[in-house]
Amino acid sequence: MKRISILFLQAVIVLIGIVALTFLIWTPLTEGRATNLDAFSIYSDPFILYVYVASIAFFIILYKVFKLLSYIGQHRVFSSSSIKILKSIKYCAIVLSILIAMAGVYIRLFHNLDDDPAGFLAICALSVFVSIVIATTANVFEMIVQNVIAIKSENKPSN
């Protein structure tokens with residue numbers, strides 16, 4: 001892969017991280033019930049704190065993808081380090097999907113009766129689906145890299 005392509009993809013990963021972080025900081029301020037609250041009350045809400053804790057898995061995934069892209073740029077994609085990165089991406093995506101599903105269940109059970117949680121639940125379902133697709137894709141790539149490493153080790157000439 002050309003170096004410029006890898007740098008572009010790494011820049012996209014950084015941009016996604018910046019946009020997500022901005023969204024996490026800005027969105028609680030625009031929430032309807034936040035108009036009469038001070039900043040401490042807004043950001044100490046248990047659900048907002050839960051979202052921040054759950055987002056750690058998302059940012060770990062972004063970091064690991066960035067690191068994997070650097071391995072691809074160094075032509076080290078078929079290494080044990082890549083397998084470790086793909087495993088951590090898979091596990092973080094699984095954890096993220098579970099945490100998002102739990103948030104959806106919480107909102108469904110404890111939402112205000114005047115509110116309609118359908119939009120939030122749809123976003124939760126879509127996010128869980130995307131997380132599962134990411135975990136599955138990482139698992140497939142992990143198996144491919146393991147097979148290539150095994151084939152390379154079998155084909156090495158013995159001294």
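This is a predicted model: local features need pLDDT of at least 70, side-chain atom pairs count only at pLDDT 80 or more; totals for chains, interfaces and linings use all residues.

Student: Which residues have the most contacts inside the largest nonpolar core?
Tutor: Those are Ile61, Ile85, Ile89, Leu96 and Ile100, in a core of 17 residues. A nonpolar core here is a set of buried Ala, Val, Leu, Ile, Met, Phe, Trp, Tyr and Cys residues joined through side-chain atoms within 4.5 Å. Buried means under 20% relative accessible area, exposed means over 50%, and partly exposed is in between, with a 1.4 Å probe and protein chains only.

Student: Which elements give two or more residues to this core?
Tutor: Helix H3 (46-73), H4 and H5 do. H4 gives the most, with 8 residues. Helices (H or I, at least four residues) and strands (E, at least two) are DSSP runs, numbered from the N terminus. As background, nonpolar side chains in soluble globular proteins tend to be buried together.

Student: Helix packing next. At what angle do H3 and H4 pack?
Tutor: About 160°, with their axes 9 Å apart. Axes are lines fitted to C-alpha atoms, for helices over the stretch in contact, and angles run from 0 to 180 degrees between N-to-C directions. H3 and H4 are therefore roughly antiparallel to each other. The cut-offs are under 35 degrees for roughly parallel, over 145 for roughly antiparallel, 65 to 115 for roughly perpendicular, and oblique for the rest.

Student: Is the crossing of H3 and H4 left-handed or right-handed?
Tutor: H3 passes H4 in a left-handed crossing. A crossing is left-handed if the near helix is turned anticlockwise from the far one by less than a right angle, and right-handed if clockwise. The contact of H3 with H4 has 21 nonpolar, 3 polar and 2 charged residues. For those classes, Ala, Val, Leu, Ile, Met, Phe, Trp, Tyr, Cys and Pro count as nonpolar, Asp, Glu, Lys and Arg as charged, and the others, Gly among them, as polar.

Student: And H4 with H5, how do their axes cross?
Tutor: The axes of H4 (residues 80-110) and H5 (residues 118-155) cross at roughly 165° and come within 8 Å. That makes H4 roughly antiparallel to H5. H4 passes H5 in a left-handed crossing, and the contact residues split into 21 nonpolar, 7 polar and 4 charged.

Student: Is Glu142 buried or exposed?
Tutor: Glu142, in helix H5, counts as buried because its relative accessibility is 5%. Leaving aside neighbours within four places in sequence, Glu142 is in contact with Ile83, Leu86, Lys87 and Lys90.

Student: Which residues is Val128 in contact with?
Tutor: With the neighbours within four places in sequence left aside, Val128 is in contact with Ser97, Ile100 and Ala101. Val128 is also in helix H5 and is buried at 18%. From Val128 to Leu96, C-alpha to C-alpha, is 7.7 Å, across 32 residues of sequence. Ala101 lies in helix H4 and is partly exposed at 34%.

Student: New topic: what's phi for His75?
Tutor: Near 60°, a positive value in a residue other than glycine. Most residues other than glycine have a negative phi. His75 is found in the loop between H3 and H4 and is exposed, with a relative accessible area of 67%.

Student: Last one: how do H1 and H3 cross?
Tutor: The axes of H1 (residues 3-30) and H3 cross at roughly 170° and come within 9 Å. That makes H1 roughly antiparallel to H3. Their contact has 20 nonpolar, 5 polar and 1 charged residues. At 24% relative accessibility, Ile72 counts as partly exposed.

How values were computed. Residues are numbered from 1 along each chain as its sequence is written. Side-chain values use heavy atoms; hydrogens and water are left out. Contact means heavy atoms within 4.5 Å.
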